[in-house]
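Here is a quick walk through some ring pairs and helix contacts. Have the viewer open while you read.

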Amino acid sequence: MLQHSVLRICQFLLLALCIFASEDFDWTKNERGSFQYGTFPSGFSWGAGSSAYQTEGAWDKDGKGKSIWDVFSHKRGKIHLNDTGDSSCEGYYKIKDDIALMKDMKLNHYLFSISWPRILPSGIKNDYINDKGIEHYNNLINMLLENRITPIVTLYHWDQSQVLEEKYGGWQNSSMVNFFNDFANLCFERFGNRVKYWITFNNPWSVAVEGYETGEHAPGLKMRGTGAYNAAHNIIMAHAKVWHTYDAKWRNKQKGMVGISLSADWGEPVDITNQRDIEAAERYVQFYLGWFATPLFHGDYPQIMKDYIGRKSAQQGLSSSRLPTFSPQEKSYVRGTCDFLGISHFTTRYITQKNFPSNRGSSYFTDRDLAELVDPQWPDPGSEWLYSVPWGFRRLLSFVKTQYGDPVIYVTGNGVSEKMICTELCDDWRMQYLRDYINEMLKAVKDGVNVKGYTAWSLLDKFEWDEGYSERFGLYYVDFGSKNKPRYPKASVQYYKRIISSNGFPNQREIESWKRKALETCTSSNQLLAADPLIRHMEMVTEIVVPTVCTLCILLSAVFIMFLLRTRI
C-alpha cells in the first residue's frame, strides 16, 4: 500500500514538472514548409483501426444484446438510405481473413473495440456475462498475437447497451460511471494478461454532441445546451474511475497502459495577426479537444469554457452554469489519469469571431461565439466535412505538446473517405492524403512531439454511422452487395505498406516510385472487381432464366405431344 502511494506521489510530481516546463502555444507561427524526407524513431508503431459496430455485423447472434446503434439504425430516416450495421463487413465471422490482410501489410498494431452488449447483453455485469462474446474477443486477441500484431483495445466506441439507455438514460445518468467501470474491469480480468494498451473512450466529443445535442447519432436526443455537457461530465468521471481501477488492481500484474482517444479538428485563426481571431481559434480547440483533455491533465475544464458558458447561462437567467462543475475531490481524482493520449485527426477549419446573442437559445455551438470557414481550394474527395489540410496536423500535435506537458501520443485515427457511386480501387487521393499527413506528423516528431505510433483509419470500408455505406474510409474495399462481403485492396494498401517497411520517407526517388507501383497493382484488382457484378448478374440470370426456359420447353413438348395424339386420332 505504501509503495502504491509513493508511486502515485511520484507520478503527480512528474506531471507537475511537465506542466511547469511546458510552453505557451504560439498562434502567430505557422510554418508550412516543403516535404521533409526522413524516418521515424526505431520502434515507431504502424497500424490500422476499426470499431465493433461498424465492422462486426452479427448484431443479434450468439447472445449479443441490443446496442443503442442497433435500435437507432432500425428507425426509418435516421441513416442514409436506411442502412444498418446488422451485417456490415461480417467481421465477426472473418477474423482469420482480416488478420491475414494485416499480416500482409506488416502492421505492428491493430486498434479495435469491444462491443459492450456482446459481452454484457444488458450492459450490467451482475445480470449476465455472455461467454460467446468473451470467446470471440479471446480468439481475435490470440490470433493477433500469434501473428505478432499488438492489440490496442477500445472499451467504448459508441455501442452502449440499449437497456442502459432505456432504464437509466445512458450518459445523462451518473450511474453509468459504475456500470462502465464494471464492464472495463471484466475486460481487464479476461483479456488484460495479453492486452497492454487500453483506450477507455473513442471520440467522446461525438458521443456527447451528436448523441445528446444534435441527435444525429444514437441515442438521437436533442437536449440543446445541457445534454452534451452532462454526458461529457459523466464520461470524464467514468474514464477516471476505470483508470483508477486499472491502477489499483491490474497495473502491477499486467504492466499495461490506459489512455483515451480524443478526436480534434485543428482551428486556425483566419488572420494570425488579429487577436480576436486568435482567441476564437483557441476557443474552438478548447471546446473540442480541451473539453476532455484539460480535466484529465490539469483537473478542470478549460477556463475559457467555464467563462463563456457561465456568462451565457447567467444572461439566460439561470442560477448556475449549464457546464457541470468538479468538486475539489473530483478535480484531484480526474487529474493525471492518462498514461497516453490518443489523438484522432482528419481535417482543419479557419476560425473567426462571431457573436451569438444569449436570447437566441442555448447550444454547444452558440456558446463558442465563433464561425468556421474553409478554403475552397482545399481538396475534399469524400465526406462533406473532411478537407485535406495536412499542415493542421502538425499544428495540433504541437498544441498538445505545449498544453498538456509533452504527453505520450498515439495517433488513433487519421484517414480520408471517398464518396462515389462507381467502384474505384486506384485511390490516388488517399495515397496523397497519407503521404502529406504522415509527413506533417514526421515534422512534429522532429519538433520534439512525443508521437509513438500511427493508426490509419480504417482497415476496411464499413458502416459510417448516419452516412450508412455512402462513404468509404477503408484501405480495403468491401463489396457490401455480396453475401460474403469480399475485401479488395485499394492502391493505398501498397502505398501504406511501403511507408511502414521504410518507417517513413527515406528519399525522393524511392517515394516517387511508390505511387506508380501502387497504381499498377490496383489496375488488375479493378478489373477483377468490375467483373464481380457481371458474374453475380450471370448467376441471377441462370437462377431465373434457366428454370424458366426449362419450364417453357416442358410446356412446348406437352403441346407438341398433344398435337401428335390428335393427328393420329
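A residue counts as buried when its relative accessible area is under 20%. Keep in mind that this is a predicted model.

**Ring pairs**

How do their rings sit against each other? The ring centres of phenylalanine 25 and phenylalanine 399 are 5.5 Å apart and the planes are at 75 degrees, so this pair is edge-to-face; the cut-off for that label is over 60 degrees. Phenylalanine 25 sits in the loop between helix H1 (2–21) and strand E1 (38–39), while phenylalanine 399 belongs to helix H15 (residues 391–403), so the pair ties together parts that are 374 residues apart in sequence.

Now turn to tyrosine 301 and phenylalanine 326. Their aromatic pair is tilted, with 4.7 Å from centre to centre and 35 degrees between the planes. It links distant parts of the chain, 25 residues apart: tyrosine 301 is in the loop between helix H11 (275–298) and helix H12 (303–315), and phenylalanine 326 is in the loop between H12 and helix H13 (328–334). Tyrosine 301 and phenylalanine 326 are both buried too.

The count for the model comes to 63 aromatic pairs. Ring pairs also build a cluster out of Trp205, Tyr229, Tyr284, Phe287, Tyr288, Trp291, Phe292, Tyr364 and Phe365.

**Helix contacts**

Packed helices are described by the angle between their axes and the distance between those axes. Here are two such contacts.

| Helices | Angle between axes | Distance between axes |
|---|---|---|
| H16 (residues 428–447) and H17 (residues 491–502) | about 25 degrees | 9 Å |
| H8 (residues 176–191) and H10 (residues 227–254) | roughly 30 degrees | within 9 Å |

With that angle, H16 is roughly parallel to H17, and their crossing is right-handed. On the H16 side, Arg430, Met431, Leu434, Arg435 and Ile438 meet Ala491, Ser492, Tyr495, Tyr496 and Ile499 of H17. The residues of this H16–H17 contact split into 7 nonpolar, 1 polar and 2 charged.

What about H8 and H10: which way do they run relative to each other? H8 and H10 are roughly parallel, as the cut-off for that is under 35 degrees. The crossing of H8 and H10 is right-handed. Residues of H8 in the contact include Phe180, Ala184 and Phe188, and those of H10 include Met237, Val242, Tyr246 and Trp250. The H8–H10 contact residues divide into 9 nonpolar, 6 polar and 3 charged.

Methods:
Residues are numbered from 1 along each chain as its sequence is written. This is a predicted model: local features need pLDDT of at least 70, side-chain atom pairs count only at pLDDT 80 or more; totals for chains, interfaces and linings use all residues. Side-chain values use heavy atoms; hydrogens and water are left out. Axes are lines fitted to C-alpha atoms, for helices over the stretch in contact, and angles run from 0 to 180 degrees between N-to-C directions. Helices (H or I, at least four residues) and strands (E, at least two) are DSSP runs, numbered from the N terminus. Angles under 35 degrees count as roughly parallel, over 145 as roughly antiparallel, 65 to 115 as roughly perpendicular and the rest as oblique. A crossing is left-handed if the near helix is turned anticlockwise from the far one by less than a right angle, and right-handed if clockwise. Contact means heavy atoms within 4.5 Å. Ala, Val, Leu, Ile, Met, Phe, Trp, Tyr, Cys and Pro count as nonpolar, Asp, Glu, Lys and Arg as charged, and the others, Gly among them, as polar. Rings of Phe, Tyr and Trp (its six-membered ring) pair if their centres lie within 6.5 Å; planes under 30 degrees apart count as stacked, over 60 as edge-to-face and the rest as tilted. Buried means under 20% relative accessible area, exposed over 50%, partly exposed in between (1.4 Å probe, protein chains only).
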